[in-house]
Amino acid sequence: MILSALLTSVGINLGLCFLFFTLYSILRRQPGNITVYAPRLVAEGKVKEGGQFNLERLLPTAGWVRKAWELSDEEFLSNAGLDAFVFMRMFVFSLKIFTFGGIIGMCVLLPINYLGSQLSDDSSDFQHKSLDSFSISNVNNGSNRLWIHFSAAYVFTGVVCYLLYYEYLYISSKRIACFYSSEPQPHHFTLLVRGIPIPPGSTCTDAVERFFSEYHPSTYLSHSVVRRSNRLQNLIEVPAAFVSFKTRFGAAIALHIQEGVNPTEWITEEAPEPHDVHWPFFTVSFLKRWISKLVVFVAYSTLTILFFIPVAIVQGLTHLDQLETLFPFLKGVLRLSVVSQVITGYLPSLILQQFLSFVPPTMIMLSSWQGYISWSQIQKSACTKVLLFTIWNIFFANVLSGTALYRVNIFLEPKNIPRVLAEAVPSQASFFIAYVVTSGWTGIASELFQLTTLIYNFLSRTFCRNSDDDFEPPSIPYHSEIPRIRLFGLLGVTYFLLAPLILPFVLIYLCLGYIIFRNQFLKVYVPKFETGGEFWPTVHNSTIFSLVLMHVIGIGIFGLKKLPLASGLILPLPILTLLFNEYCRKRFLPIFKQFPAECLIKKDRADENERNMSEFYEKMANAYNDPALMPIKYSERYDSQRSPLLSSQV
């Protein structure tokens, strides 16, 4: 891709961003759009819904930027919750590392790349220069200037690991602090017990009461057997129950020890928040759960393979010579400057983005088939699926299909991976810059504008009667937004060494995302569950993967550039990075799995001075009421699975 094609893509997306920002600044002030741009405030009763069109409010204002910016971290945490706080820390962390990387990349590495002559780009017109002239590919083979890139790899890795460690430390301390300051929550005192053996002539209720009264006499409090309705609307007992204890520490002991002699009976796991429970798989047998997981794996693998088709189509658009061969009658049109710049610079990333829009809801559907008992677990599973799918199909598939699809068998020869990636990855820098601009800039601006919700709201107000009872503010789709941010993080880390020109575009996306999502959390999104920041380990692991990938490509690139000594000396870098990751895993990850005994006992002792604990115990006995026992008919829709589960708020 030449520079003018990139500038065309940037211009188109800047125009779209400006349009979305302007329309948002105008439309958000209209009373009729309050449920689109501030549904959280409506649900909290801070603003009133509805109203007439106001001509005086047509002037756009940017006051929302100041309001989103001025809120302190503590105020944001108390308003939005720990999961939202951790989500925003992804932006803060990424801004730190790419600000540092951008300074090194743009001020040091980029001039060295541009001053090279390896590619022999003779174009005197700056706008028609190939973007490869700004990459490491343009540095002469064997040049001593490559040692600057080598040093930059070590320095950048050290800074990223330093910031990653202290971010992990900071978030884990916030997780503990939020636990200490929280009110008693039912899921901290409750376990889900499955595989309950029911003696002949007895019931599940009798079996649970007898077992836990005998083996946990000092801490056992109550239980609620899971009952489901079958197709004939008859209540049936499921060999599962939510068992509650008097203390958090008592629940933790029951969770971490084997309850019965037979390990397939009395199986315990942490209970989710009452309104977070996902009920359908409670009646499914072990065999059906195993089969469903196998079906999900096959479906996920098939989808991943089939996605090569749109990737190949997108990559074909970046090569005009291939299009002219396939469609010779369009040769005259394709050679028009404006047409070629739009096709090669803007259209490929736009098409790929449209194909990707179907991936997150598909992964949610697949994860819901795997037998998880809570929507938070489904979202975390879907987040991992989307992240892996995105990294493979957006990064690796584009790299391989663009330059080396015929060498996919390199993964069967690991020793060749660094060399082939070093040949393939730099040449795709222009495509990924355009992708950051299209999917990143315009995507984040459309998040603010909420076009789909705006159209739905307009049609509802025009043709239907809005009911306050039907209004429910949305929750943020972590499973789609986190993988998007982490993909841009991977591109920034990987291309820091190869093509640092991408870094300013990533930084602009991060700045926009930081302000926009702070606004959305405060005015739009209402959390439907709280994991206590459990998405952060995914961010940490993806960052480590990005660093190691950069190192592997660095080994290959220095070998291709006839600097074998640098290629050999960079070998310790991925090893040191993986050792650092192992230390962080041992140091911090257990805190994100369960709270330590020290915290549980301190919190239990603090509760001894609370006067309303007896009232809390009474409410907890009814917290995990079955949908089958509720007066509202249970529906298989997503929302109805979540909304009627908690009969009393604690």
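This is a predicted model: local features need pLDDT of at least 70, side-chain atom pairs count only at pLDDT 80 or more; totals for chains, interfaces and linings use all residues.
## Rings and buried residues

Residues are numbered from 1 along each chain as its sequence is written, and side-chain values use heavy atoms, leaving out hydrogens and water.

Searching the whole structure turns up 48 aromatic pairs. F87 and F91 make an edge-to-face pair, because their planes sit at 70 degrees with the ring centres 5.8 Å apart. To pair, rings of Phe, Tyr or Trp (its six-membered ring) need centres within 6.5 Å; planes under 30 degrees apart are stacked, over 60 edge-to-face, and the rest tilted. F87 and F91 are four residues apart in helix α6 (residues 82-114), so about one helical turn separates them. Helices (H or I, at least four residues) and strands (E, at least two) are DSSP runs numbered from the N terminus. F211 and F212 also form an edge-to-face pair, and both are buried.

| Pair | Centre to centre | Angle between planes |
|---|---|---|
| F87 and F91 | 5.8 Å | 70 degrees |
| F211 and F212 | 5.2 Å | 75 degrees |

Elsewhere, the charged end of R175 sits over the ring of F595, 4.4 Å from its centre (NZ of Lys or CZ of Arg must be within 6 Å of the ring centre and within 35 degrees of the ring normal).

Helix α18 (residues 417-424) is largely enclosed by the rest of the structure, because six of its eight residues are buried: I417, P418, V420, L421, A422 and A424.

Conventions:
Buried means under 20% relative accessible area, exposed over 50%, partly exposed in between (1.4 Å probe, protein chains only).
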